[in-house]
Amino acid sequence: MSTVNSLTAEDLGSAAQRDRRKRILDATISLASQGGFDAVQMRAVAEQADVALGTLYRYFPSKIHLLVSALGREFERADASFKDKTIPGDTAAERVIFVMRKTTRGLQGDQHLTEALTRAFMFADASVQAEIHTVGMLLTSMLTRAMDPDRTEVTDDDIAIARVIGDVWLSALVGWVTGRTSAAETAQHMEVAVRLLLRD
């Protein structure tokens, strides 16, 4: 088991290194979109990103590290799309459901990619703890902002509720990518959880 974490953009000192990391994640997402989890092979990622295989392993110690980092980047993009915009909804539950619906639709629009990212999240063990933490923090940040866009301080209760919603969300995506639930059932499952947790 690898105990080495992936290199984040903040870990990299030069623009060239950050560009290399971006190319690697771009290649990962491209391959995953074409063929899902199995299509993401380290050698194929290195070739498409135009980096040496050894370099790829220095940035991302394993395929799971790579895909969970890519999931984090997808959540970063989703989060950025909501910043500086008014999220519709009169209640915290309505705003959170809007954010989740929009993000989930985006993920479900690329089933191969979502399957790859979700399976990696399922398979991740303790060696991928830092990357899992990053994904969780991004999700928590996105949800707490939707809960109360005007609040300057987030409470411990807000964070706890957002984490539970995030866990339900990821669990619902697992059900969808494994074929146990439909897209409509996935959405309903998430919305019920949000309304129960955010009763006004």
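1. Start with Ile 24. Beyond its neighbours within four places in sequence, Ile 24 is in contact with Val 45, Ala 49, Val 51, Leu 56, Tyr 59, Phe 60 and Leu 66. Note that this is a predicted model.

2. Ile 24 belongs to the largest nonpolar core, which has 54 residues. Ile 24, Phe 75, Val 96 and Trp 169 have the most contacts inside this core. Helix 4 (residues 63-82) supplies the largest share, nine residues. As background, nonpolar side chains in soluble globular proteins tend to be buried together.

3. UniProt, in an unreviewed entry, places "domain: HTH tetR-type" at residues 18-78. In the model, residues 18-78 are 80% helix and 0% strand. The end C-alpha atoms of that span are 20 Å apart. The UniProt annotation "DNA-binding region", also from an unreviewed entry, covers residues 41-60. Residues 41-60 are 75% helix and 0% strand, with end C-alpha atoms 12 Å apart. Both annotations may be inferred rather than shown by experiment.

4. Which residues of helix 5 are buried? The list is Ala 92, Ala 93, Arg 95, Val 96, Ile 97, Val 99, Met 100, Thr 103, Thr 104, Leu 107 and Gln 108. Arg 95 and Gln 108 are on that list. The cover over these residues includes helix 4, helix 6 (111-123), helix 7 (129-147), helix 8 and helix 9. The geometry of helix 5 checks out: its 17 residues should span 24 Å at 1.5 Å a residue, and the end C-alpha atoms are 24 Å apart.

5. The structure holds three aromatic pairs. One of them joins Phe 82 and Phe 98 edge-to-face, at 6.4 Å centre to centre and 70° between the planes. Edge-to-face applies because the angle is over 60 degrees. Phe 82 lies in helix 4 and Phe 98 in helix 5, so the pair ties together parts 16 residues apart in sequence. Phe 98 is partly exposed, with a relative accessible area of 30%.

6. Gly 89 sits in the loop between helix 4 and helix 5. Its relative accessible area is 34%, so Gly 89 is partly exposed; the buried class would need a value under 20%. Not counting residues up to four places away in sequence, Gly 89 touches Glu 94 and Arg 95. Arg 95 is one of the buried residues of helix 5. Gly 89 and Ala 39 are 50 residues apart along the chain, and their C-alpha atoms are separated by 39 Å.

7. Thr 186, Met 190, Glu 191, Ala 193 and Val 194 are buried in helix 9. They cover an arc of only 160° around the axis, which puts them on the same side of the helix.

8. What covers the buried residues of helix 9? The cover includes helix 5 (92-108) and helix 8 (156-177). Helix 9 is in turn among the elements covering the buried residues of helix 5. The length of helix 9 is consistent too: 15 residues at 1.5 Å a residue should span 21 Å, and the end C-alpha atoms are 22 Å apart, which agrees.

Technical notes. Residues are numbered from 1 along each chain as its sequence is written. Side-chain values use heavy atoms; hydrogens and water are left out. Helices (H or I, at least four residues) and strands (E, at least two) are DSSP runs, numbered from the N terminus. The expected span of a helix is 1.5 Å times one less than its number of residues. Buried means under 20% relative accessible area, exposed over 50%, partly exposed in between (1.4 Å probe, protein chains only). The arc is that of the directions from the helix axis to the C-beta atoms. Contact means heavy atoms within 4.5 Å. A nonpolar core is a set of buried Ala, Val, Leu, Ile, Met, Phe, Trp, Tyr and Cys residues joined through side-chain atoms within 4.5 Å. Rings of Phe, Tyr and Trp (its six-membered ring) pair if their centres lie within 6.5 Å; planes under 30 degrees apart count as stacked, over 60 as edge-to-face and the rest as tilted.
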